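Here is a set of questions on one protein chain. Each reply works towards the value or name asked for.

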Amino acid sequence: MYVFREHVIDTSLPDGRYGQTALADLDQDGTPEFVTGQQYGDIFCYKLNTPGDWTRFLLGEDSPSDVGAAVLDVDGDGWPDFVAGGAWYRNPRTPRTIFERIVFDPDLRGVHDVVAADMDGDGRMDVLTMSDQNDLRWYRIPADPREPWSCTRIGDPVHSGAAVGDLTGNGAMDVVRTNVWFENVRGDGTEWVERPLPFPPQAQQRLTKQWMVNATHAQVCDVDGDGSNDIVMVENELPGGKLMWMQNVRGDGSEWVLHNIWLPEEEIRGAYHSLFVGDLDGDGDLDVLSCEMEAIPGDGPPRYFIWENLDGRGEAWAEHVVFDGNLGGHATVVGDITGNGLPDIISKPWHPSASNALGGSQFVLFLENTGRA
């Protein structure tokens with residue numbers, strides 16, 4: 001397992017709750033930038049100088065989003081743009097310059113999930129959104145993206161948990177929403193049929209807010225290496241959340257088997273409001289990363305975890321604590337930032353705890369991957 005070096009790269013962010021995150025090479029210089037945005041406020045971008053030295057600049061203003069954001073080329077000019085809530089921010093193609101804010105749906109606010117995917121199979125990216133304030137829907141980007149975007153309803157919402165991927169093996173993008181998935185029947189995003197998933201019962205005594213109910217993070221991916229997509233899922237808005245994966249037994253979404261990765265049997269951990277699934281140890285299979293929040297704490301200080309897929313089939317997992325510095329994370333992102341071929345970790349809190357290692361300061365944390373121990 002890899003070793004991560006801690007860098008606190010900012011403690012001077014303006015007050016507020018910080019939701020939106022992304023990691024993308026916005027200036028096309030070969031190194032990705034980190035983006036985070038305030039709930040209904042400013043959006044900031046961080047440019048790497050050295051692992052311990054980053055430059056922050058304002059990317060956009062007046063975000064209509066609660067948590068969700070995505071990076072994609074909205075206008076087809078070859079440069080990545082930023083989508084948050086019902087607005088997109090056009091990349092000016094000039095480094096460290098504020099992005100132009102363009103509204104595509106003035107009524108879409110409070111969005112928790114934003115996903116970029118080709119929902120209609122036309123070879124162009126679309127945008128899927130969801131929160132408990134709006135339904136589960138997808139938007140087709142018009143030829144002129146400055147015009148309003150048409151949307152198609154998929155189904156009823158929950159607070160969070162939308163993910164996209166092919167669950168039937170026919171090449172069309174289906175949609176996951178916690179305890180159900182929606183089949184893209186025609187493959188063009190016009191007709192959706194709700195199908196069940198084996199989402200386990202939640203701990204009722206810890207569901208202290210309505211928005212915690214059925215709230216998850218999910219990712220569609222091939223956990224067991226059999227060539228068909230499965231689902232990794234974590235309860236993300238309550239302390240003591242479960243981490244699990246759902247096996248797509250027949251490869252067509254008709255039969256699912258639930259496998260636990262971690263259960264809160266011995267300790268109650270802070271909410272796992274992050275999920276990354278990818279090869280984190282270089283052995284070619286899929287591992288899982290999450291971390292505890294400060295805003296929804298557990299029994300002890302927050303930590304960052306990697307669950308190693310020991311057999312490559314998702315039947316045996318080993319937990320590794322990769323950071324234990326009393327700084328929690330929210331909407332954590334993972335990618336090779338330093339260019340050494342290894343996955344780095346970057347995050348921030350939703351809002352900081354007064355008891356964190358920085359005396360309650362807001363912060364951005366970069367965990368540099370330095371290689372194997």
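Q: In which strand is Met246 found?
A: The model is predicted, so local features need pLDDT of at least 70, side-chain atom pairs count only at pLDDT 80 or more, and totals for chains, interfaces and linings use all residues. Residues are numbered from 1 along each chain as its sequence is written, and side-chain values use heavy atoms, with hydrogens and water left out. Strands are DSSP runs of E with at least two residues, helices are runs of H or I with at least four, and both are numbered from the N terminus. Residues 243-248 form the run that holds Met246, namely strand 20.

Q: Is Met246 buried or exposed?
A: Buried means under 20% relative accessible area, exposed means over 50%, and partly exposed is in between (1.4 Å probe, protein chains only). Met246 has 0% relative accessibility, so Met246 counts as buried.

Q: Which residues does Met246 touch, not counting those up to four places away in sequence?
A: Contact means heavy atoms within 4.5 Å. Met173 is 73 residues from Met246 in sequence and 17 Å away in space, C-alpha to C-alpha. The residues that Met246 touches are Thr178, Leu197, Pro198, Phe199, Asp230, Ile231, Met233, Trp256, Val257 and Leu258.

Q: What is the C-alpha to C-alpha distance between Ile154 and Leu136?
A: Ile154 sits in strand 13, residues 150-155. Its relative accessible area is 7%, so Ile154 is buried. Leaving aside neighbours within four places in sequence, its contacts are Leu128, Leu136, Arg137, Trp138, Val175, Phe182 and Trp192. Leu136 is 18 residues from Ile154 in sequence, and the spatial distance is 5.4 Å.

Q: How far apart are the C-alpha atoms of Ala24 and Pro80?
A: Ala24 belongs to strand 2, residues 18-24. It is buried because its relative accessible area is 13%. Beyond four places in sequence, Ala24 touches Pro32, Glu33 and Val71. Along the chain, Ala24 and Pro80 are 56 residues apart, and their C-alpha atoms are separated by 7.9 Å.

Q: What is the phi of Tyr40?
A: Tyr40 is in the loop between strand 3 (33-38) and strand 4 (43-50). It counts as partly exposed because its relative accessibility is 32%. Most residues other than glycine have a negative phi. Tyr40 is not a glycine, yet its phi is positive, at about 55 degrees.

Q: What is the phi of Arg96?
A: Arg96 has its place in the loop between strand 8 (87-90) and strand 9 (100-103). Its relative accessible area is 47%, so Arg96 is partly exposed. Arg96 is not a glycine, but its phi is positive, at about 60 degrees.

Q: Which residues touch the most other members of the largest nonpolar core?
A: A nonpolar core is a set of buried Ala, Val, Leu, Ile, Met, Phe, Trp, Tyr and Cys residues joined through side-chain atoms within 4.5 Å. In soluble globular proteins, nonpolar side chains tend to be buried together. The largest core has 16 residues, and those touching the most other members are Phe4, Tyr304, Ile345, Leu365 and Leu367.

Q: Which elements give two or more residues to this core?
A: The chain has zero helices and 28 strands. The elements giving two or more residues are strand 1 (2-10), strand 23 (287-291), strand 24 (304-309), strand 25 (317-323) and strand 28 (364-372).

Q: What radius of gyration does the chain have?
A: The radius is taken over C-alpha atoms, and the globule rule is 2.2 Å times the number of residues to the power 0.38. The C-alpha trace spans about 50 × 50 × 40 Å along its principal axes. For 373 residues a compact globule would have a radius near 21 Å, which agrees with the chain's 19 Å.

Q: What share of the residues in the chain is buried?
A: Among contacts with a separation of 6 or more, residues 24 or more positions apart account for 49%. Of the 373 residues in the chain, the buried share is 58%.
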